[in-house]
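Subject: The structure we talked about

Hi,

Here is the structure I promised to pass on. Have a look at it first, and then read my notes below with the viewer open.

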Amino acid sequence: MTSSKSWALVVAGYCILAVAMLAFLTINGVSSTAAGTITTATLIGLGLLLPAAGTLEMARHMDPPHGSARKGLLSLSLTGLLIGLVVSFAASSLSGHLVSAVFIVLGGASGLAGAIFIAKQARARQLVAGAALIAIGAALIPASNIALFAYLISDMGKSIYQDIGAALAACGSVVAAYSFFVLRSRAKAPAVSRS
Amino acid sequence: MAVQDKLEKAGRKPSVAHAPKFPAIVCIAALVLICLYSAFSIHRVIAANAPPAPPRFTLGTAYRDVTYCNSQTLDVYVPGSAATGPLPLAIFVHGGGLTGGDKAYLNPTFLNALAGAGFAVASLNYRLAPASQFPAQIEDVKCAIRYLRAHAQTYDVSPSKIFAFGTSYGGMLVALAALTGGHSNFDVGPYATTSSAIAAAVDMFGPADLPGWVSPQDFHVAFGGNRANLVLASPAHYVKANAPPILIVQGTADTTVPQSQSAELYRKLSAAGDHTQLILVQHMGHMFAQVGSQPIDPGMTRIAADMVSWFQRYGAESR
């Protein structure tokens, strides 16, 4: 896989993730068809797997050895989020939602750490904002399920908090896609003297 | 130094080129659209969960938001000149997973069919989980029956001709009310000396045997994670001879409360020698939803007429 394809995978993946979160917004809290649920799940899977594959490929080929750890963290984060969200959708018990929350918190934290490393080195502060929004948004989904089980919120409250989470994650995905697009543009741009 | 490394490898100095303007505009536009769409989606969820307006009643007098036990409220619809009192009374109990729903969910087709046949109709709210877990709901339903029987003169209804019908968990509650009789462990609170018996019931797609059916979420939220409560809430657990007649209405395409639940209650009632009937509605999912391109069969008007006939048939047998 060429590096160009890796960048494209990451940007396209984050864009798909944004669309997936909008699809989740559309079906959450209302009765949905099986086709709607399957489409949303597929989009979420693609939206997390594509950037995970892209960042992993970048880590392996573009800037070893130090960059591997940074972009590897992002890849690990996205995989963690994917597992967490899958568990959250499939879970019907409190323990299932707690397991989901653990995956999402770990995934979100490693994503944020990776984004901070990259941002420090490559002046891409938007990536930190994007990773933070994705982590917070994804975490709201199992958190609202747990709150429902703890009788802290109603069923409608759960749907609203999950919608807010999906909206935050969608915004984070757009910002992350943008930040990788900017990083790619900088890499392509001709050198300009700073003096 | 991810990007710098790459640039240095390419023999260039790091670029200070700013972000391209066009993608920045696209990014901002996407963020604005996401915010607008999420606001729309949240508004839709709130609107979907808001109780509907109570049904319009043009056939007589509507007494709305009458307070009964535990600060709960009910509406009473009394038909006008066509009927002569005292009237038989049909009580509607809404569904909603024991966590939601409202007395305004009374279907106008049922209200008008009953009122047109000379029935007064009451629709009641009851305490909801998780604030109030089972058996608060059946206690309120039974208290509402006792309240209405105690105030029969106020609404010009006959205390010996009180019926009940309910949808989903409301169907389960009316079946429980019918099968547990006039004085049971669920009869707590005011009007304790008044009977909470009903003459007949219509259970529309209510769960009947909860231990094998209830979702883990309902189990924790509505029943406090107590398996004994599941048995106590199961109408099938109380089936005995000489129970009030129960008409069961069930959609064949219902995936929320499967047909097996209604079939089990029907089988037990029949085996006990009780008056019962199971109407299987083709192409109907949960809450009268049409599944597929064919309309539900029998339709709502026919179901309402069957309910009226059921109550009229067993109205003479006061309990």
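Helices here are DSSP runs of H or I with at least four residues, and they are numbered from the N terminus. Please also keep in mind that this is a predicted model.

**Chain A and its cavity**

Let's begin with chain A. Of the 195 residues in chain A, 52% are buried.

The count of cavities of 30 Å³ or more comes to 3. The largest cavity holds about 80 Å³ of space. Its lining has 15 residues, and those closest to its centre are A:Y14, A:S77, A:G111, A:A131 and A:I134. Which helix gives the most to this lining? It is helix 5 of chain A, with 5 residues. Helix 3 (66–90), helix 4 (94–122) and helix 5 (125–149) of chain A each supply at least two residues. Sorted by class, the lining of the largest cavity has 10 nonpolar residues, 5 polar ones and no charged ones.

**A pocket lined by both chains**

The largest share, 7 residues, comes from helix 2 of chain B. What classes of residue would you find in the lining of this pocket? There are 16 nonpolar residues, with no polar and no charged ones.

While you are looking at chain B, find the nonpolar surface patch made by B:I28, B:V32, B:L33 and B:L36, which covers about 410 Å². B:L36 is found in helix 2 of chain B, and it counts as exposed because its relative accessibility is 56%, over the 50% cut-off.

**Salt bridges**

Side chains of opposite charge can pair when their charged atoms come close. Over all chains, the count comes to 9 salt bridges.

- B:D75 and B:K103 meet in a salt bridge through their side chains, at 3.1 Å from N to O. B:D75 lies in strand 2 (residues 73–79) and B:K103 in the loop between strand 3 (87–93) and helix 3 (108–116) of chain B, so the pair ties together parts that are 28 residues apart in sequence. Both B:D75 and B:K103 are buried.
- B:K142 forms a salt bridge with B:D187, where the closest N and O atoms are 3.4 Å apart. Because B:K142 lies in helix 4 of chain B and B:D187 in the loop between helix 5 and strand 6, this pair ties together parts that are 45 residues apart in sequence. B:K142 and B:D187 are both buried.
- B:D306 forms a salt bridge with B:R302, with the closest N and O atoms 2.8 Å apart. The two are 4 residues apart in helix 9 of chain B, so about one helical turn separates them. B:R302 is partly exposed, with a relative accessible area of 47%.

Shared partners also join B:D65, B:D75 and B:K103 into one network of salt bridges.

**Backbone details in chain B**

Most residues other than glycine have a negative phi, and most peptide bonds are trans. Against that background, where are the cis bonds and positive phi values described here?

The peptide bond from B:F134 to B:P135 is cis, with omega near 15 degrees. B:P135 is found in the loop between strand 4 (120–124) and helix 4 (136–150) of chain B. The bond from B:D297 to B:P298 is cis too, with omega near 0 degrees, and B:P298 has its place in the loop between strand 8 (276–281) and helix 9 (300–314).

As for phi, B:S168 has a positive value near 55 degrees. It sits in the loop between strand 5 (157–167) and helix 5 (169–179) of chain B, and at 7% relative accessibility it counts as buried. B:F205 also has a positive phi, near 45 degrees. This residue is found in the loop between strand 6 (201–204) and helix 6 (216–221) of chain B, and with 0% relative accessibility B:F205 counts as buried.

Enjoy exploring!

Best wishes

How values were computed. Residues are numbered from 1 along each chain as its sequence is written. Chains are lettered from A and ligands numbered from 1 in the order in which they are written. This is a predicted model: local features need pLDDT of at least 70, side-chain atom pairs count only at pLDDT 80 or more; totals for chains, interfaces and linings use all residues. Side-chain values use heavy atoms; hydrogens and water are left out. Ala, Val, Leu, Ile, Met, Phe, Trp, Tyr, Cys and Pro count as nonpolar, Asp, Glu, Lys and Arg as charged, and the others, Gly among them, as polar. Patches are made of residues with over 30% relative accessible area and no salt bridge: like charges are joined within 9 Å, nonpolar side chains (Val, Leu, Ile, Met, Phe, Trp, Tyr) within 5 Å. Accessible areas come from the Shrake-Rupley method with a 1.4 Å probe; for residues, only the protein chains shown count as cover. A salt bridge is a side-chain nitrogen of Lys or Arg within 4 Å of a carboxyl oxygen of Asp or Glu. Buried means under 20% relative accessible area, exposed over 50%, partly exposed in between (1.4 Å probe, protein chains only). On a 1 Å grid over the protein atoms alone, a cavity is a set of points where a 1.4 Å probe fits but cannot get out, and a pocket is an open set with protein on both sides within 12 Å along at least five of seven lines; lining residues have an atom within 4 Å of a point. Grid points are joined across faces, edges and corners, and a volume is the space filled by probe spheres set on the points.
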